[in-house]
Structures are given as structure tokens and as C-alpha cells.
Amino acid sequence: MDSKGVAQIFYQISTVTLVAIVVGGAASLAAIGFVDAVHYLNERLLISPYARVLAEDRPTLVAAATLLVPAAGGLVVGLLVHFLVREKRGLAPPDAILAAQTSGAAPGFRSGLVSTLAALVSLGSGASVGQYGPLVYLGAMFGNLAGQLRLNLRHQRSIAIACGVAAAISTAFNAPIAGLVFAHEVILRHYSLRAFAPVTVAAATGYVVANVIFDRPALFLVNFDRVEHSYEFVFFALEGVFCAGLAWVFMRLLRASASISRHYIGVPWARPAVAGLLLGMVALWIPEVLGIGQETLRFATIEGAFGIGELGLIIMAKLVVTALCIGFGFIGGVFSPALLIGILFGAFYGLALPYLVPVPHSGLVVYAICGMMALASSVIGAPLTTILIVFELTRSYDLTIAAMVSVVFANLISYRVIGRSLFDLQLRARGFDLSLGRDKAILQTHRIRDYLSSEYTTALDQNTVGEVCQRLVREGRAEAMVVDGQGRLLGVIRLQGVVNSAAKTPATEAMIRSFTRFDEETSVWKSMELLRGFLGEAVPLVSRKGELLGVVPEEAVIRAYLEIVHDLREEENEAA
Amino acid sequence: MKRRSPMSLFLIVASILSAPAVLQAQSEQEGPEALTVATWGGSYERSQRRAYFDPYTEATGIPIETVHYDGGIEVLREHLASGEVEWDIVDMIQSDASAACEAGLLAPIDANILEPAPDGTPPEEDFMDGAIHRCFVTQIVFSTVIAFDDRAFPGVKPDSVEDFFDLETFPGKRALRKSPVGLLEWALLSLSVPREQLYDLLSTRRGLELAARRLDEIRDSIIWWTRGQEPVDLLTSGQATMATGYNGRFFHARAMENAPISVIWDGQLIGFNSWTIVRETHQAEQAADFIAFATRAENMAAQASLISYGPARKSAQKRVGLHTDAGVPMRPYMPTAPSHMDNAVIRDHHWVFPDRGSPGGVVSGVAGGIVVSVASRYRCFYNPGAVRCLIAVWRSEQLQ
């Protein structure tokens with residue numbers, strides 16, 4: 001290898017590493033700042049159980065805060081999102097996925113900041129939404145910034161986004177391996193060494209920042225020895241199936257709530273406030289529904305902390321209230337609520353099990369953890385990540401294996417019934433369908449008009465067949481596009497179709513009127529489908545008004561397909 | 001030489017009449033001024049006298065006097081406010097020390113006075129985390145533990161906090177200190193709440209209720225104690241089968257008096273004592289010199305060979321061997337023994353006893369304040385129905 005090549009490799013590796021560390025560090029610090037700010041707001045606004053116990057002697061104050069804080073928070077969120085975010089919605093992991101997968105313009109930095117602020121207000125004022133979605137987007141936002149630098153690295157943007165996301169998850173969960181896997185499993189959707197190396201560096205950076213520098217406490221800790229009986233794995237699998245059902249209910253509720261809010265509340269920015277008020281009313285009765293519910297999550301693994309009926313009630317309330325908050329436009333994720341509902345359901349299952357199957361079992365903890373991870377993995381479509389989170393948080397092999405069984409069974413069912421994840425569902429609603437893998441989704445984002453050719457023969461509507469034939473012979477083509485005076489495409493004349501026509505026949509009579517055509521929005525994927533059964537040389541591409549813009553030769557469609565798929569394969573198989 | 005005046009002649013005559021007092025006064029004038037240490041008395045102070053005070057006087061000629069101190073920062077504040085500052089050094093509980101520091105009652109201590117370990121390890125690596133502070137140097141680790149009467153359980157022995165609450169397997173009375181300290185902590189620990197999350201969860205209504213319910217389960221078997229010696233007596237006399245108390249007392253009873261008492265180290269509540277220098281002392285330099293002397297590894301080990309409180313620096317821990325008088329190995333009785341630390345809880349002192357004066361204690365202290373204030377308002381903790389009373393209070397508030 002010559003010295004230039006060596007220098008190039010050195011440049012690549014050191015730049016990529018530097019980007020990973022900078023993006024990872026920034027995302028990690030931002031994540032810590034975000035989480036701390038949420039805690040601060042929760043303390044100040046009487047949302048956290050701790051703050052509420054302090055104010056125990058002022059019940060009126062607590063009740064007022066419970067009712068008014070989420071409503072006021074909702075109003076702020078509604079106004080922020082409606083007037084300051086260009087997309088008029090919160091930015092979330094699907095936006096990160098889209099930005100990493102496609103080369104299109106990502107949401108701007110300002111939108112990102114305001115969306116993050118709205119998420120902060122949502123979480124801070126006790127809305128029942130998750131913190132990891134906003135954190136993932138925060139990481140992606142820094143990645144996107146780094147992706148815009150002119151560093152001359154291949155796939156710079158997608159790798160930088162993955163770095164930011166990995167660091168955010170690594171910091172938030174104290175789980176660097178899970179962060180690494182999440183970035184690949186959910187954001188990148190492939191495992192190339194080129195991406196793997198920097199994302200690992202970013203995840204490790206997040207871990208160092210969170211653990212070594214700031215010494216963040218773990219999300220939860222459990223005392224668990226081991227799974228006592230082998231038959232319990234059947235219970236874990238069954239629990240996974242139930243969790244898939246619960247995930248389905250959750251998704252249905254989310255959709256129903258969104259359509260209810262659109263249907264009944266005409267003013268978009270007022271929707272979160274209404275949800276906040278409803279949330280407050282439920283919280284007067286069941287305070288556990290407020291906020292992220294970290295303490296509730298921790299109590300769920302403790303025997304005796306909840307009665308079985310109480311658990312059932314909290315699960316239902318939290319499900320409904322979370323759907324309400326997200327559907328009505330509070331900004332935040334679904335992962336934390338899914339974790340909480342899952343762990344409560346797991347505890348419920350663990351408590352109910354002795355009544356259903358009277359055989360000894362290993363206690364509440366393992367069922368709670370299984371439920372948590374099974375539900376969460378079904379919702380975010382990341383089985384490997386959730387299994388690793390269990391492993392990294394509990395360092396317990398037995399718990400991990402038990403959770404693995406539940407997670408896999410939950411995903412088996414939920415993948416069929418719901419789809420891979422909520423993110424993919426949301427992306428599909430926006431026309432980016434990942435259900436058949438990256439190829440189709442990416443092919444759908446590329447427009448075939450990029451392959452437009454201006455080399456074609458035109459015929460005017462007043463031309464005769466003879467004139468058209470002569471022109472075709474002169475230009476060596478077999479097809480002519482018939483347009484009117486305004487340039488609108490009327491039809492196509494194919495040489496083989498007019499061989500027997502009289503020379504004086506008007507072109508408009510001899511032309512084919514039903515033919516394959518593309519428009520400006522036709523994607524490469526769509527064009528491939530339209531080409532099925534096509535016999536001509538090139539497909540005309542028309543504007544929305546019907547004007548002929550050019551043609552796309554058959555060869556160009558195949559070329560487009562090959563190029564895009566080649567890029568994807570190259571990206572997936574790249575070395576560092 | 002000075003000329004003798006009639007006045008000094010008078011003094012000589014007077015001195016004959018009151019010889020001892022004047023002799024002392026003379027020695028104070030001529031010899032170096034004594035350092036005054038405020039400390040805790042009893043066998044603890046005796047161990048300090050043997051390990052630190054006397055050797056220091058021997059090495060420097062500076063005598064050490066002690067005054068009795070029972071903890072807290074108010075007493076220090078009052079002493080400073082009195083205008084005649086006599087105390088130079090106070091042996092404070094770490095949380096008190098940091099509160100006193102925030103309140104400006106303590107002089108800063110230059111960390112450079114601390115000597116490295118004998119093998120050259122710098123002090124900041126040798127001391128426990130958080131031991132070296134702007135205002136204090138933490139020197140010992142003490143512990144409140146659960147102990148049991150060995151005779152009461154001839155078969156399987158209890159070995160966890162959970163067993164303390166298990167009246168079925170381990171029947172008998174439970175002696176508990178008549179104070180919220182440790183009660184709620186142990187109640188939650190017995191439900192396998194991870195110790196790292198103990199105070200977080202205890203700071204919620206659900207946590208408090210859970211702890212109170214747990215205590216209620218053993219309510220009828222509780223004997224309350226107030227003085228440190230009581231749990232030892234209750235166990236040796238057979239009145240209680242299990243008791244909470246200070247590890248030093250249990251050690252003393254077991255090792256020196258052969259009492260049939262075993263300690264359960266699971267869930268031990270760790271506390272720290274620290275050397276501090278009073279802000280307005282004019283002997284700050286001498287005080288710092290004493291602290292440097294008292295925190296030498298060999299001196300800390302000497303104290304730990306007299307009383308089973310763990311030294312706060314590793315090099316001293318390594319030097320702890322046999323009890324100086326009894327000859328029993330000390331290490332297994334140290335709260336800091338590695339096997340004991342696995343399930344130790346570092347007591348959040350502020351959680352229970354909020355310090356109004358300290359900004360650091362306010363945030364973490366108020367929840368504890370609620371417990372204490374609710375408890376005392378309804379006289380909950382200090383009567384036999386304490387726990388039920390507490391629950392009744394909470395329940396009634398919930399119903400409103």
C-alpha cells in the first residue's frame with residue numbers, strides 16, 4: 001500500500017473516532033442534563049413521590065398541583081409545538097431512523113431543540129410519556145449536526161446519528177452494549193464494521209460519562225438468585241404471549257386516542273392541555289400514573305408493595321393515560337411507559353400465577369422483569385436491546401435468560417399482529433415502509449426523476465404519421481411522444497404500431513393512449529413495479545399538470561435499482 | 001533574670017498555700033498549651049486516649065484534655081457563640097461535620113497535612129471515598145447491627161435482616177432502639193429492597209407505609225431500648241432473642257465478657273466519625289498537627305486494636321491484628337471487613353435528622369423530618385403502639 005493510501009486510512013480512522021467521541025460525549029452530557037432537568041421539575045412541581053410526601057401536610061396544595069401542573073404543562077407544550085416546530089409534532093426515534101436511512105433533509109436544529117424542550121416540559125409536568133424517545137432524538141440531533149461537517153467520510157450522517165443515539169441510550173440506561181445494539185437494531189438496521197466501530201466508541205463514551213465521571217444511579221436494581229424450577233420457562237413464554245397482547249392493546253389505544261383528539265378538539269395546540277387535565281383527574285385517585293414513575297417501577301419488584309387488585313388498576317390506568325397523553329400531543333416516548341406497564345403487569349402475573357397454577361415458583365422479581373422487557377421490546381421492536389438491558393442492569397445470567405424467553409415469544413406474536421414496532425408503524429404512515437427490509441424502503445425514497453433523460457423524439461398533435469416516422473428514422477428511435485401546444489403529453493407512437501398506417505393519418509389518431517407513465521413523485525420502487533409488462537424503450541415522465549418532462553429509459557430504471565442496492569450492500573459490508 | 005518584686009514575693013507565699021493549682025498554672029504557662037478535644041466518652045474515649053492522646057503528648061509534650069460531646073451541631077454553635085472558645089478539635093459524626101462546615105462553624109483542614117501510607121500510597125487513595133473533606137478528615141467507621149442470642153437458636157442461626165422479622169422461624173422478643181434511626185431502613189431491607197435504592201424508596205408514601213406495615217408485623221414482640229448497653233443486657237439475660245445495637249458493644253460483650261452474642265452483618269448501618277477543627281480556635285495549627293498524628297496508619301490501627309471500629313484508611317485496616325488486651329483477632333469484628341461491606345447500608349443521617357441550618361441537609365432531610373414530625377406529633381414512635389399509630393396517621397390522612 002502506498003503512503004497516500006495509508007494516510008487516507010489513518011485520516012479515516014482518526015476522524016471517525018473523533019466524531020464518535022465528540023458526538024457520544026455531547027449526546028451523553030445532554031442526556032444527563034435532560035434527565036436531571038426532568039427530575040428538578042418533578043421535584044419543584046410536586047410530581048415526584050418524594051416531593052409529594054414532603055408536602056403531605058398541605059393536601060390542598062398537592063391536589064391543586066396534581067390537577068393544574070399537567071394541564072398547564074400541556075398548554076405550554078401545545079403552544080411550543082404548534083408555533084415553533086416546523087413539523088408541528090414532536091420529533092422522535094422515527095425521525096432519527098429516517099435521517100439515518102435516507103439522504104433527505106432532516107428536521108432542523110431549531111425544531112429539534114424546541115421539540116426537546118417540549119418533551120422536557122411534558123415530562124417535567126408529569127405527563128405519562130417516556131424519556132428515552134426524546135433522548136434518542138437528542139442524540140440523533142447531535143449526530144445530524146456532525147453529519148453536516150465536511151469531513152469526507154462515507155455514510156457520515158448515518159454513522160454520526162447512530163453514534164449519538166447509542167451514547168444517549170448507553171447513558172440513560174447505564175448500558176453501553178444495549179446502546180450499541182439499539183443503534184444498529186433500530187436506527188441503522190444493519191451491522192457493518194464501519195458503523196460498528198464508531199458506534200461502539202460512542203456507546204463507551206456515554207458509559208464513561210455516565211458512570212465514571214458522573215456516577216449515575218442505575219435505573220433499577222433487583223435482588224435475584226436464580227430460576228428455581230425448569231418448568232417456569234413455560235410461564236415466561238406464556239407471559240411473553242400475554243405481553244404481546246398487551247402491546248397490541250397499547251397500540252390500539254394510542255391510535256384511538258389520536259383520532260379522538262383530532263375528532264373532538266379542533267384547536268391542535270389545546271389538545272395536550274385537555275389531556276393534562278384528564279391526567280390530573282386520574283392522578284388525584286391514582287398518583288402512580290404521573291410522570292415516568294421511577295419509584296413505582298422500583299416498587300414493582302418488591303413483594304408486598306402492591307396488592308394484586310391495586311396492580312390491575314394501576315396497569316389499566318397507566319395504559320389509558322399514556323395513550324391519552326401521547327395521542328393528545330404531549331411530547332415524549334413510549335419506552336418508559338412500556339417498561340413501567342410491563343413491570344407492573346409482570347408483577348401482576350407473578351402474583352396471580354400461584355392461583356392459576358399451584359406449583360412453587362421463583363418469586364416476583366423474575367416475572368416482573370420478564371414482563372417489563374417483553375412488553376417494551378414489542379413496542380419498540382428491539383428484542384436484542386431489551387435482553388441486553390436486563391443483562392447490563394442486573395448482571396444476572398438467570399434473569400437475562402428468563403427475560404430472553406419472554407421477549408422472544410412476545411416478539412413472535414407482536415411482529416405478526418402489530419408489525420415490527422411502533423416506530424415502523426409511524427414511518428409506514430409517512431410512506432417509509434421498513435416492513436420488508438431496508439431495500440424496499442430506500443428504493444421508495446429515491447425518485448426516478450433523478451434518472452430523467454431528455455433524449456427522446458417528440459411529435460406535435462398536428463403532425464401526421466408520415467412526418468413522425470421520418471423523424472424517428474432520422475433519430476434512430478422507435479418511439480415518439482405526442483404532445484400538444486402546451487407541452488402536455490397526449491400519447492405515444494411506436495414505430496411497430498404505425499407500419500401499416502397511411503402516412504397522412506394524423507398522429508393523434510395513430511397514437512397509443514393508454515401507456516405506462518411516471519410522474520415526479522414516482523419512486524424507483526414504484527417504477528420497477530410499473531415496468532412490469534412494459535414493452536417500449538423509455539417511459540415518459542410527466543409533471544402534475546401533464547406536461548412531458550422527459551423520459552426514463554428502461555435501462556435507467558435498472559441502473560437506478562442496481563446503484564441503490566449496490567450502495568446498501570456496500571454500506572452493510574464495509575470494513576472500518 | 002527578672003528582679004523579684006514585692007508582688008512576686010506575695011505570689012510565692014500564696015503558692016505555698018495553694019500548691020497544686022499553681023503548679024498546674026505554672027506548667028500551663030511554661031509548658032505548651034493543652035489541646036482540647038470534644039469527644040464521646042466511655043470505652044471509645046479510652047481507646048482514643050491510649051491510641052492517640054497519650055502518644056501525642058509523649059511525642060510533642062502537648063497535653064490533651066477532653067470535654068464530653070454527644071453529637072449534633074447546635075452545641076458547637078452555642079459554644080462558639082459563648083465567646084470563650086475552648087474546644088480545638090471535635091470528633092464529629094460525618095454528616096454533622098459537613099453540616100457544621102456548611103454553617104461555617106469549622107476551620108478548613110489542609111489535606112496536605114495527612115501523611116501518606118507507610119508504603120507511600122498518597123492519602124487520597126488510601127482513605128475511603130469522601131473521607132477527606134474541606135472541613136474534616138474521617139477516621140473511623142462504626143456500625144449499628146443486628147445481633148442475636150446464640151442460645152436461643154440452637155439449630156439454624158439467623159443470618160439476614162429478613163430473619164429479624166421472621167418470628168415464626170426465629171421466635172422471641174426483638175429489642176429495637178426507641179428512635180426512628182434504622183427502624184424503617186431495616187423494615188424495607190427485609191423486603192429485599194436493594195440497599196442503593198433504600199432511601200429513595202423510603203422517601204415515598206408507599207415506601208413509608210410498606211416499612212410501617214412490616215414493623216407492624218413484629219410490633220407485639222418489640223422491646224424498646226434507649227441506652228447503648230441495654231441491647232447487650234437484654235440479649236445476655238435472655239429477655240430478647242434478637243436486638244439491634246452498636247457493633248462495638250456487642251464485640252466487647254462477646255470478646256471480653258464471653259457473652260453468647262453473635263452479630264448479623266447483613267444490613268449493617270454504617271456511620272462515620274471525623275476529626276474537625278473548631279473555627280475560632282487559636283490553636284488551629286497545633287490541632288491540624290494532632291489530626292495528622294492521629295490519622296497515621298499505625299495510630300489508627302492501634303485504636304482499632306482496642307475497639308472494633310474500622311479505620312477509615314486502607315493501610316490502617318491492613319495493620320489491624322489482635323486485640324491489645326484480649327488477644328482475639330479484631331478483623332472479623334470490624335464493620336469494614338470486606339465480607340461485611342457487601343450488604344452494608346451507608347446511613348443517610350440527614351434523612352432521619354434534618355439539620356435546619358445546613359443547606360446540604362434540607363433537601364434530603366425533609367422527608368425524614370416528616371417521619372419524625374409525624375411520629376412525634378402523634379407520639380407514635382415512643383409508645384408501644386408506635387407503628388400502628390404511624391399507620392393510623394397515614395391512613396387517616398389518606399382518607400381525607
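Author: Happy to! Two strands count as paired if DSSP finds at least two bridges between them. With that in hand, let's look at strand β5 of chain A, residues 538–542, in this predicted model.

One partner is strand β4 (residues 518–519) of chain A, which pairs with β5(A) in the parallel sense over two bridges. Here A:D519 stands opposite A:V542 in β5(A). Another partner is strand β6 (residues 548–553) of chain A, and this pairing with β5(A) is antiparallel, over five bridges. There, A:A538 stands opposite A:P553 in β6(A). β5(A) and β6(A) form a hairpin, with five residues between the two strands. In its turn, A:G546 has a positive phi of about 95°.

Now for the side chains. In a regular strand they alternate between the two faces of the sheet. In β5(A), A:A538, A:P540 and A:V542 point one way, while A:V539 and A:L541 point the other way. Is each group buried or exposed? The residues pointing either way are all buried. A residue is called buried when 20 or more other C-beta atoms lie within 10 Å of its own. Five of the five residues of β5(A) are buried, so the strand is largely enclosed by the rest of the structure.

So, to gather the picture: β5(A) pairs with β4(A) in the parallel sense and with β6(A) in the antiparallel sense, and its residues are buried whichever way they point.

Notes: Residues are numbered from 1 along each chain as its sequence is written. Chains are lettered from A and ligands numbered from 1 in the order in which they are written. This is a predicted model: local features need pLDDT of at least 70, side-chain atom pairs count only at pLDDT 80 or more; totals for chains, interfaces and linings use all residues. A residue is buried if 20 or more other C-beta atoms lie within 10 Å of its own, exposed if 12 or fewer, and partly exposed in between; C-beta atoms are placed from the backbone. Helices (H or I, at least four residues) and strands (E, at least two) are DSSP runs, numbered from the N terminus.
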